[in-house]
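Grab a pencil and have the viewer open. Let's work through a few exercises on a protein model, one step at a time.

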Amino acid sequence: MSTLGLIARDLRVAVDNKEILKGIDLTVEPGRVHALMGPNGSGKSTLAFTLAGHPGYTVLSGSASLDGEELLELPPDKRAKAGLFLSFQYPAAIPGVSVANFLRTARMAVRPEDLNPAKFRKLVFEKLDTLDMDPAFLGRYVNDGFSGGEKKRLEMLQLAILAPKYAVLDETDSGLDIDALQSVGNSVNALRNSDEGKDIGFLVITHYPRILKHVPADVVHIMIDGRIVKSGGPELADEIERDGYDAVRDEVAAARA
Amino acid sequence: MPSGTTAAVSGLAFTPTAAALEAAIAFVSEHDERGGAVDAALRREALARYDALPAPGGRPSRGWKYDYANLPFDDLRWTSGRVEMPALPARPTARPATAGDVDLDRPALATENAGGLYFLGATHVDAPSNVDAKVTLLALDGQTVRDFEASLDGVLHEIVDWRADKLAALTTAFQNCGAYVHVPDNVQLDDPIQLIFASAPDDEAVFPHVVVVLGKNARATVIERHLGAGDPFVCGIVEVQAGAGAELDYAIVQQAGEAARVMFSRNARCEHDAQVRWHLAELGGALTRTVLGVRLDAPGGRAETSALFFNTGAQHVDLLSGVDHTVGPTTSDTVVRSAATDRGQGRYVGNIVIRPKAHGSDASLRDDALLLSKRAHIDSIPALEIAANDVKAFHGATVGSLDEDALFYAGSRGIARGEALRLITLGFFEPVIARFPGESLRDEIRTALDRKLDDATELDV
Ligand SMILES: Nc1ncnc2c1ncn2[C@@H]1O[C@H](COP(=O)(O)OP(=O)(O)OP(=O)(O)O)[C@@H](O)[C@H]1O
Ligand SMILES: [Mg+2]
């Protein structure tokens with residue numbers, strides 16, 4: 001079916017009356033990994049939040065759909081139920097709510113049909129193990145007093161437990177030490193190699209090619225000033241690391257001229 | 001009627017007047033052979049104080065609709081007495097799920113394996129209780145006051161300053177029920193003692209006076225409950241004396257009926273190295289006013305106060321906590337969490353006094369309020385008065401609404417807004433709930449809060 005995928009079409013988005021995204025076209029196919037790179041402030045997180053339905057972002061035009069289901073009219077929870085997952089660049093804390101309770105509530109919300117408590121417990125402990133996480137995390141309050149790295153691991157734990165159709169990872173690799181990056185990579189790969197996870201399409205927002213060594217990208221996109229100005233193969237990430245964004249900017253300017 | 005008991009006969013119409021007080025005094029001497037806990041002369045003096053003292057507080061907000069100077073006392077009955085209860089099963093069955101579900105004929109005394117005292121309105125229901133044999137647990141009446149004169153000396157009428165507290169003066173004048181709990185030196189109880197105040201079918205004016213005395217190194221947990229579907233006016237006093245090295249957890253779970261008015265002045269005094277921990281969950285009633293105090297009179301004393309309230313509908317809650325560090329080093333830790341929705345109105349006044357001799361003391365006061373609707377209002381009024389050097393005092397307060405980032409985060413995990421709101425609100429109370437004694441009590445409070453969320457009509461701002 002031609003509508004399969006996480007698809008943005010001519011998406012223009014404003015925050016506080018300022019246009020940030022100036023027409024985004026992007027298709028993430030099931031089972032494929034797209035990387036999205038771009039300088040600070042270019043609009044990467046804005047795209048992630050817009051897809052997830054953050055109320056602070058105004059869509060000026062365009063559309064977004066997930067396997068044919070229009071997303072933009074849906075509240076955030078319905079988008080998650082449709083199969084979208086966002087790993088936050090800066091995950092919010094929910095004091096007083098334990099990780100265990102939150103995971104269970106989220107899983108029940110997204111997939112009400114399955115898993116008795118014993119099976120759920122087993123699933124959670126398996127995933128904790130893959131991520132090298134201490135089960136003591138389950139008793140802590142969601143992201144409350146977590147270190148940066150711990151927050152990112154918790155995002156990956158949720159990804160593994162919710163097993164969505166499409167996952168947007170917003171700088172999940174930022175602020176991780178080498179071991180944590182390895183754990184995150186292992187977790188994503190374990191998910192992609194599993195039956196439930198093999199068809200997940202990923203949009204990996206990052207500043208560094210190193211995450212792509214663990215989770216190889218099929219396509220790399222470069223966003224500058226609210227536009228995707230260039231797309232290419234995995235080698236594009238290394239070019240950016242070597243040459244910076246100025247080379248791309250010049251190229252785009254030359255093409256326009 | 002078995003000898004030594006009095007039936008709770010129909011009682012008197014209640015008004016806070018001299019004529020009504022004389023009728024009450026006559027009623028006690030006629031109907032209760034154990035006599036009242038407060039003698040007639042003191043009752044008359046207390047009523048005079050009640051008349052002379054100004055009503056507490058002003059109106060903290062525009063939406064606040066009660067005036068303590070003009071509380072209506074219509075259609076209340078005043079009575080005093082005891083009835084004997086048919087034997088209960090040794091270990092009562094499950095506790096009632098909600099205030100409304102209480103089976104008034106067969107009150108379940110137990111959370112766990114607790115013994116306790118049970119009152120239906122002001123009537124002491126004399127039921128067998130399986131409290132530890134070393135503990136004295138009696139209705140506070142004339143006979144009890146005479147029998148335990150020595151250990152009540154300096155405690156009864158002395159720890160709560162009723163001469164300076166209009167509502168406590170009213171309690172002293174019209175006292176018609178109460179409890180005396182004495183845990184002797186070195187006795188450490190595993191199971192809590194429960195004091196259950198259930199509303200009578202007809203609305204009563206209930207004036208309880210509770211005295212808890214812990215001997216040296218004694219340890220106990222007391223759970224005071226208010227429940228039942230009636231709409232009483234309850235105005236009580238709780239006095240606590242904690243001997244050297246003693247530790248008391250005193251938890252109050254107030255789930256009175258929808259139109260009930262519940263007011264309490266509670267104060268505790270700590271001797272050397274004694275610890276008193278107040279835990280308050282103010283959940284029911286139309287208007288509640290609670291004073292929770294601790295006086296730290298000897299070095300090493302420690303006060304912990306943990307309180308929560310959640311006002312839904314048109315509930316009003318007035319909460320005052322006070323810790324008086326009279327000497328040092330003493331420590332106190334006060335944590336209050338409050339939330340309001342619909343037209344709920346709340347006021348919290350937190351006082352900490354560190355007197356000149358309280359060197360080396362450490363006091364912390366933290367209160368956070370959550371407003372869940374536009375018409376809800378909570379005032380937070382901290383007051384720290386520090387007259388000693390080299391002390392540590394911390395105060396922090398917030399009033400806010402729900403964290404939109406947290407709501408969005410939960411939403412992005414598939415949790416619908418209403419459910420996320422519930423989760424985050426319950427989480428907000430958790431730091432206070434976590435300090436209540438016993439997991440079953442904590443779960444009970446979580447469940448009660450969850451039900452209140454069900455009943456709230458305005459939950460989004
Ligand atoms: N809530 C907001 N209020 C005001 N401005 C915003 C808001 N969110 C985003 N912006 C602005 O939109 C622009 C794009 O921000 P965005 O967070 O999408 O960038 P990014 O590409 O994710 O950057 P980074 O690499 O630093 O994470 C920035 O100029 C930012 O200041
Ligand atoms: Mg970003």
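This is a predicted model: local features need pLDDT of at least 70, side-chain atom pairs count only at pLDDT 80 or more; totals for chains, interfaces and linings use all residues.

Residues are numbered from 1 along each chain as its sequence is written, chains are lettered from A and ligands numbered from 1 in the order in which they are written, and side-chain values use heavy atoms, with hydrogens and water left out.

**Exercise 1.** Describe how chain B meets chain A.

*Solution.* 
Step 1: count the contacts. Chain A has 32 residues in contact (heavy atoms within 4.5 Å) with 18 residues of chain B.

Step 2: get the area. About 1800 Å² is buried between the two chains, and carbon and sulfur atoms give 70% of that. Buried area here is the accessible area (1.4 Å probe) that two parts lose on being put together, summed over both. On chain B's side, 44% comes from B:F408, B:Y409 and B:R413, more than from any other three residues.

Step 3: look for charges. The count is one salt bridge, a side-chain nitrogen of Lys or Arg within 4 Å of a carboxyl oxygen of Asp or Glu. The partners are B:R413 and A:E155, at 2.6 Å from N to O.

Step 4: find the elements. Helices here are DSSP runs of H or I with at least four residues, strands are runs of E with at least two, and both are numbered from the N terminus. On chain B, α6 (404-412) and α7 (417-433) each supply at least two residues of the side that touches chain A. The most come from α6(B), with seven residues.

**Exercise 2.** Which strand gives the most to the lining of the second largest pocket?

*Solution.* 
Step 1: list the strands. β14 (261-270), β16 (287-296), β18 (316-325) and β20 (345-354) of chain B each supply at least two lining residues.

Step 2: pick the top one. That is β16(B), with six residues.
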